[in-house]
Amino acid sequence: MRTSVNRYVVTRPLYTEDAFIKEHEKVHRQHKTMLDHIKQYLTCDGKRVRNALLSLLPIIAWMKIYRLKEWLLGDVVSGVSTGLVAVLQGLAYSLLASLPAWYGLYAAFFPVIIYFFLGTSRHISVGAFPVLSLMIGVVVNRMVPENGPPANITAFEGLTMNEQRAIVAASLTFLIGIFQLAMGLLQVGFIVIYLSDTLISGFTTAAAAHILVSQLKFIFGLHVQGFSGPLSVIYILEGVFGQITSTNLHDLVTSIVVMVVVLTVKELNERFKSKLPVPIPIEVIMTVIACGVSYAFSFKEYYGVDVVGRIPDQFEAPMAPDLQVFRETSVDAFPMAIVGFAVAFAVAKVYSIKHDYVIDGNQELIAFGASNIFGGAFRSLAASTALSRSSVQESTGGKTQVAGVLSAMIVLVVILALGFLLEPLPKSVLGAVVIVNLKGMLMQVCHVPSLWKKDRPDCVVWIVTCVASILLGLDLGLAVGLGAELIAVVFRTQCPRCCVLANIAGTDIYRDRKDYTSIYEPEGVKIFRIPSPIFFANIDFLRGKLIDAVGFNPLRVLRKRNKALRKIRKLLKKGELTLMSVNSEDESSIEDLDLPTDFSDLPVQVNWRAELPANISVPPVDIHSLVLDFSAVSFIDITALNGLKMALKEFIRVDVEVYIVACDPYVFEKLKSCEFFDDEIKTSIFFLTLHDAMLHILQINPPLSKNTNSLFQCCFCICKYFWYIFVV
């Protein structure tokens, strides 16, 4: 090979797959059988035990590299800041789950302790997540409605409504943990890849809409019945606006003031984050102010403001999950397990890339599963992560989950010693804090126009997921979104964009002939590119596109030719030169018309491109060679293999030479093992590159025009160049 600036010239033989394999010996690799994999999986030695221990307890790995002097101060500051935010969000998100406020505090303590030992992310803040809390609240309201009898659960007997709801939420959390732990142990962490960023964005936007609507009753100080199931958003809005004249002005004014101040300061935090050592904890500040004002002016007694109320100064006794609740909520728990893990994994992945360390999806499932099982036993809400809280933990200097444990200690102090200070806190303040934190999720709507311009199928998935989740509920909406995503994938693979290629004049490069002007298309040659795997769902589509590209149906041509041959035989037998009527009873079955044309009993060879005798006509075939570009074909299944084989035979039987180029070696080996090749389809039709096949075709079928053969001119110039160098 000789090279110069921005140019290269290569001389090598023209390769078919057979010629290349014959000249270049492949390395024989011993592939492991299923039994080998099982033996390896069951084999146990010291190294494997050590690796398994490090994998199960990631704390061992990062504790060994912990830089005490450099990281401890950042973790302490981060832990305190995150703990204060976790307290406030725990109180607020428990309202989404229709539970007393202190159960949200448990979610910021118990799961964090377990995740500290088992989690692989060093930066996410484990605790209540608004979407997950809302999904739990839907189940809680369904099983223990505000108006009406609760579900027929034995454990509910003699308990108050809040206690019944706590049992449902705790048992549901426990079941979510079981699902997550089982998926982690079965190594199915990859399942999260089926939740695309588009789907998650549409789903979380819909969840934000649900959360916003659910908080309106606290903002306006109304007592609105909770609803669940399809159209629940409509029913809640109907209840809110039906009572709008009963709005508590003190709740409304308080909420508006809190939202305006918090939004303003958050914007300042974002704008001056490079200058601020830590973000201003405005939510905590406003909470403290609201508590003081509410206590000082007796909001509850004089103005009817609904407040948080009593917060126990001790933990409740652990409980065993209720099996009857398991049976009633198992269908709800699985999507919650997926959503909780998917959101946490997505946030963890962002920070792992930013700080250059690895997270393990399966270990994350185990960590969250164990955290939720442990938390569920202590009546905690299901744990995931919230982006705003994780952002605080990372931006304030947190380096490891030591910050997470310190935040849990702050929550512990609040639960055991300072909880009484939060008792006069108006619920409208918590509702305002929740709504303010929805800004990021709600603003995802602004990305829809740009998404429509970039990728319309993805945009349709976003819209369908969002609308379905808003109208049908989060559980059904997620299922609809997954269905829409699957349809989009099927649409992309089942209907790929096929094209006819042409040579870029003077090069060995081939591109879509519609996109370029300086192209060369040899007469009688079609190059058809297949841009996707070939499988049962798209083989018929691809065959249809191939027929459109060549301009004729080879099977129809073959049948017409065989019918013409029969007529010619009869004319020869009768000694007539004009076409006579043919009795249909003398004709063979339709299957015989699909067989190759047989000239064995004819004294002459029929030239199908010339004029036939006795006004016999057959559809014209304008090409002599068909090249299939397999460079993008990554696999082919049995159904598609049979369909491809029939399609190739149809072309071969009408005297069109078929070539397949750039075929993946593993696809080529599969074709061999599946008996794809026979007397008509041979391995010699496979060429290493598209240019190899084109040179071979032009050698066999030289172009008729002397002035249009730019490809041969290019090859001639290259040959002349090497002749001059090596001979002259």
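Because the model is predicted, local features were considered at pLDDT of at least 70 and side-chain atom pairs at pLDDT 80 or more, whereas totals for chains, interfaces and linings use all residues. Residues are numbered from 1 along each chain as its sequence is written, and side-chain values use heavy atoms, with hydrogens and water left out.

Two packed helices are described by the angle between their axes and the distance between the axes. Helix α10 (residues 197-219) packs with helix α23 (residues 474-494) at an angle of about 160°, the axes lying 10 Å apart; helices here are DSSP runs of H or I of at least four residues, and strands are runs of E of at least two, both numbered from the N terminus. Axes are lines fitted to C-alpha atoms over the stretch in contact, and angles run from 0 to 180 degrees between N-to-C directions. The angle makes α10 roughly antiparallel to α23, a term applied to angles over 145 degrees, with those under 35 counted as roughly parallel, 65 to 115 as roughly perpendicular and the rest as oblique. On the α10 side, L199, F203, A206, A207 and H210 make the contact, and on the α23 side L474, L478, G481, L482 and E485 do so, contact meaning heavy atoms within 4.5 Å. By class, seven of these residues are nonpolar, two are polar and one is charged, where Ala, Val, Leu, Ile, Met, Phe, Trp, Tyr, Cys and Pro count as nonpolar, Asp, Glu, Lys and Arg as charged, and the others, Gly among them, as polar.

The structure holds zero disulfides, a disulfide being a pair of cysteine sulfur atoms within 2.5 Å. For C495, the closest cysteine sulfur is that of C498, at 9.5 Å, which is too far for a bond. C495 is partly exposed at 35% relative accessibility, whereas C291 is buried at 8%; buried means under 20% relative accessible area, exposed over 50%, and partly exposed in between, with a 1.4 Å probe and protein chains only.

E17, found in helix α1 (residues 17-23), is likewise buried, at 9% relative accessibility. Apart from neighbours within four places in sequence, E17 is in contact with C663, F668, F686, F687 and L688.

L231 lies in the loop between α10 and α11 (232-242) and is partly exposed, with a relative accessible area of 37%. A662 is located in the loop between β10 (657-661) and α27 (665-673), and is also partly exposed, at 27% relative accessibility.
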